[in-house]
Amino acid sequence: MPYVPAVMEMENAIIRMMDDVQRALQKPPSERRWGMVIDLTKCVACDACTVSCKAEKKTPPGVNYTVVIKEEVGTYPNVRAVFLPRPCMQCENPPCVDVCPVGATWKNEEGIVVIDYDVCIGCRYCVTACPYGARNFDFGEWYTENTPMLEPYETAPTFEYGEERVRSEGVSPIGNVRKCNFCIERLREGLLPACINDCIGRARYFGDLNDPDSLVSEMLRERYSFRLKEDLGTNPKVFYLS
Amino acid sequence: MKNNKKFNVAYWLVTVVLLAVGAVGLYWRLTQGHRMANYGQLIVWGLWVALYIYFIGLSAGAFLISSLVYAFGVERFRPIARLALFTALISLLAALLNIWFDLGHMERFYEVFSRPNFLSMMAWMVWLYTAYSILLLFELWFELRTDLVRWSEKAGLSGKVCRILAFGSKDTSTKSRARDTRTVKILGSIGVPLAIMFHGGVGALFGVISARPAWHSGLFPLLFLVSALVSGGGLLLAIYAFLAPDRGSEAHTALVADLGKLVLGLTLLDVLFTFSEYSIALYGAIPGDVGPLLKTMTGPFWYVFWIGQIGLGMIVPIVLLAWKRTNRNPNWVGLAGFSIVVAFVGVRLNIVIPPLSVPELQGLVEAVPSARMSTFYVPSTMEWFLAMGIVGLALTLYALGYSLLPVKPNKETSHG
């Protein structure tokens with residue numbers, strides 16, 4: 001019998017996590033600490049998270065808030081594949097924040113690193129400072145440029161940070177740096193981040209790390225977890241189970 | 001004189017071509033934004049950032065050399081002190097233009113003043129070079145003032161320009177000149193720590209980034225200062241050796257040789273710093289640190305390092321400036337300076353680009369199917385054109401200033 005993690009036996013992780021989110025929303029924002037747990041033993045590198053993020057945020061070519069790194073380890077016939085989904089780590093000590101010359105990016109009281117598109121000057125210093133490659137510059141490109149028309153999925157408004165924006169030439173977020181914000185605008189409505197909802201293998205989990213009863217807290221108590229580049233002291237809030 | 005005429009024709013021909021090409025680049029940049037640029041998500045800074053630190057280095061270096069005279073009273077270099085200040089001003093302008101066009105939202109540059117974040121080295125850098133540029137303008141004006149007043153009498157454009165720039169000042173008395181000299185000494189003295197802070201700050205801007213181990217070195221601010229002095233010195237050396245009105249005189253030959261000695265010393269210091277930076281990193285062999293260096297030395301642009309940085313930037317100038325048969329000949333010494341000026345474009349490219357070309361996480365590049373996510377970068381035509389236009393503009397302003405203002409390195413102007 002293969003090992004079945006305890007969480008699989010539960011009725012529905014999504015419902016449990018949505019309850020966790022609801023509970024967290026009852027608290028003052030500064031008492032929440034949103035975090036993500038990614039079970040690497042269950043990730044099949046289907047990129048559903050990558051795609052759902054694309055659909056949710058309508059990000060242009062080259063801008064990816066979450067990606068899945070896929071690597072082959074070993075030599076044939078002793079080969080295995082390792083997968084590493086990589087959203088923004090929402091570091092407790094985010095190196096990208098201090099470097100911003102105009103304070104256009106900061107860690108909000110819920111612990112999410114956010115960007116004010118109307119302030120960002122597009123110097124891209126923060127992109128160089130992120131140790132995880134989580135920040136992207138919006139070059140103003142389109143998937144359907146050089147076709148008869150831009151497809152509606154590119155021109156439809158987005159609601160990042162709860163602001164309705166239609167991407168167009170020379171207007172923010174074009175010319176800005178962009179990144180994963182744990183779908184803060186969905187959280188406000190009690191919804192889970194898009195990548196959590198759409199993970200086909202239930203490898204991604206989300207919740208309030210300050211709440212001992214949340215699913216993510218429970219998993220981190222029971223399983224061995226690690227974070228990326230912990231030696232840099234960034235203190236990420238994305239945990240990996242292996 | 002005949003040679004001079006030929007040089008002028010060639011100079012303006014090159015400048016006009018650069019400006020024309022630059023106009024195309026500017027049109028593309030303003031209508032297409034960053035779409036026609038080749039930097040991407042990984043190598044997120046490119047040619048313009050490299051040229052920014054190149055020109056800002058030239059500026060800081062030229063300024064610090066002028067301070068030898070104005071702050072420290074090294075009279076030996078007085079004949080070129082004004083030229084050094086003027087060179088610092090034009091280089092600064094070219095630097096700022098480069099970095100301005102690099103911004104995603106050029107129209108928001110003022111935010112660095114209206115809402116600075118002083119935890120950011122970039123904010124510090126902007127504030128410090130703003131202070132520096134104000135100081136530079138004032139220092140240059142006080143240094144030129146009496147000559148501007150005198151030149152106001154001249155007929156033609158030069159007289160008109162000098163009259164405007166004298167801002168109504170009329171006093172050319174020895175007493176007023178002595179007052180100016182004191183002011184210049186004070187400004188020059190404030191300028192020295194300021195230039196060290198702002199250019200050290202540019203080095204620190206890179207040095208503080210722990211995510212890029214190849215930048216994250218305590219040597220960076222110092223390395224930037226040394227290389228600023230070398231490149232700024234090299235530029236002055238080339239300009240003075242080839243363009244001084246007193247070319248061929250004994251005084252000129254002697255001063256070129258002495259300036260050459262200064263640049264030689266600075267270049268040797270740069271060799272020491274560069275060796276220290278590279279050898280320590282290579283021995284440590286941390287992938288994020290050694291990867292960019294190996295790429296610099298053995299990657300597709302190995303020649304920028306070996307032929308540019310080492311050959312033209314170190315070996316050629318050291319040989320020309322140290323060898324008895326060349327180091328007293330203004331042409332060879334000037335060539336050494338020119339060689340440095342060319343090589344340092346490569347030095348700056350190698351500081352900015354290779355450290356960004358190694359992905360922060362292994363496999364990240366392959367995970368993103370986009371041409372923007374690449375470990376390879378060559379500037380696009382638009383980037384080259386715009387940069388060439390900025391150089392053309394700098395050459396235009398330099399030539400205009402050189403011919404219209406009392407900044408030429410000769411006895412008439414240098415002793416006020």
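A polar contact is a pair of N or O atoms within 3.5 Å; within protein, one atom must be able to donate a hydrogen and the other to accept it. The model shown in these views is predicted.

**View 1. Polar contacts and salt bridges between chain B and chain A.** Between the two chains, 27 residue pairs are in polar contact, with both residues at pLDDT 80 or more. Chain B and chain A also share four salt bridges. In one of the bridges between side chains, Arg124(A) pairs with Asp102(B), and the closest N and O atoms are 2.8 Å apart.

**View 2. Elements and residue types on the chain B side.** Three helices of chain B, H4 (111-114), H5 (121-151) and H13 (364-367), each supply at least two residues of the side that touches chain A. H5(B) gives the most to this side, with three residues. By type, the residues of chain B that touch chain A divide into 20 nonpolar, eleven polar and eight charged.

**View 3. Extent of the interface between chain B and chain A.** The size of an interface is often given as the accessible area lost when the parts come together. Here chain B and chain A bury about 3,700 Å² between them, and 55% of this area is on carbon and sulfur atoms. In chain B, the residues that lose the most area to chain A are Arg35(B), Gln41(B) and Leu361(B), which together make up 18% of what that side buries. In terms of contacts, 39 residues of chain B meet 49 residues of chain A.

**View 4. Helix H5 of chain B and its N-terminal cap.** Ser120(B) caps the N-terminal end of H5(B), with a side-chain oxygen 3.1 Å from the backbone nitrogen of Met122(B). A kink of about 55° is centred on Arg145(B). The 31 residues of H5(B) should span 45 Å at 1.5 Å a residue, and the end C-alpha atoms are 42 Å apart, which agrees.

**View 5. Helix H9 of chain B and the residue after it.** H9(B) covers residues 250-284; at 1.5 Å a residue, its 35 residues should span 51 Å, and the end C-alpha atoms are 51 Å apart, which agrees. Just after H9(B), Ala285(B) takes a positive phi of about 55°.

**View 6. Backbone exceptions in loops of chain A.** Most residues other than glycine have a negative phi, and most peptide bonds are trans. Tyr76(A) and Pro77(A) are joined by a cis peptide bond, with omega about 5°. Pro77(A) lies in the loop between strands S2 (67-73) and S3 (80-86) of chain A. Another cis peptide bond runs from Ser172(A) to Pro173(A), with omega near 10°. The loop that holds Pro173(A) is between helix H5 (152-155) and strand S7 (177-178) of chain A. Arg202(A), although not a glycine, has a positive phi of about 50°. Its place is the loop between helix H7 (194-198) and strand S8 (204-208) of chain A.

How values were computed: Residues numbered from 1 in each chain as written. Chains lettered and ligands numbered in written order. Predicted model: local features only at pLDDT ≥ 70, side-chain atom pairs only at ≥ 80, totals over all residues. Heavy atoms only, no water. Contact = heavy atoms within 4.5 Å. Buried area = accessible area lost by both parts, 1.4 Å probe. Helix = DSSP H or I, 4+ residues; strand = E, 2+ residues; numbered from the N terminus. Nonpolar A, V, L, I, M, F, W, Y, C, P; charged D, E, K, R; others polar. Expected span 1.5 Å × (residues − 1). Bend = angle between axes of the 7 residues up to and from the residue.
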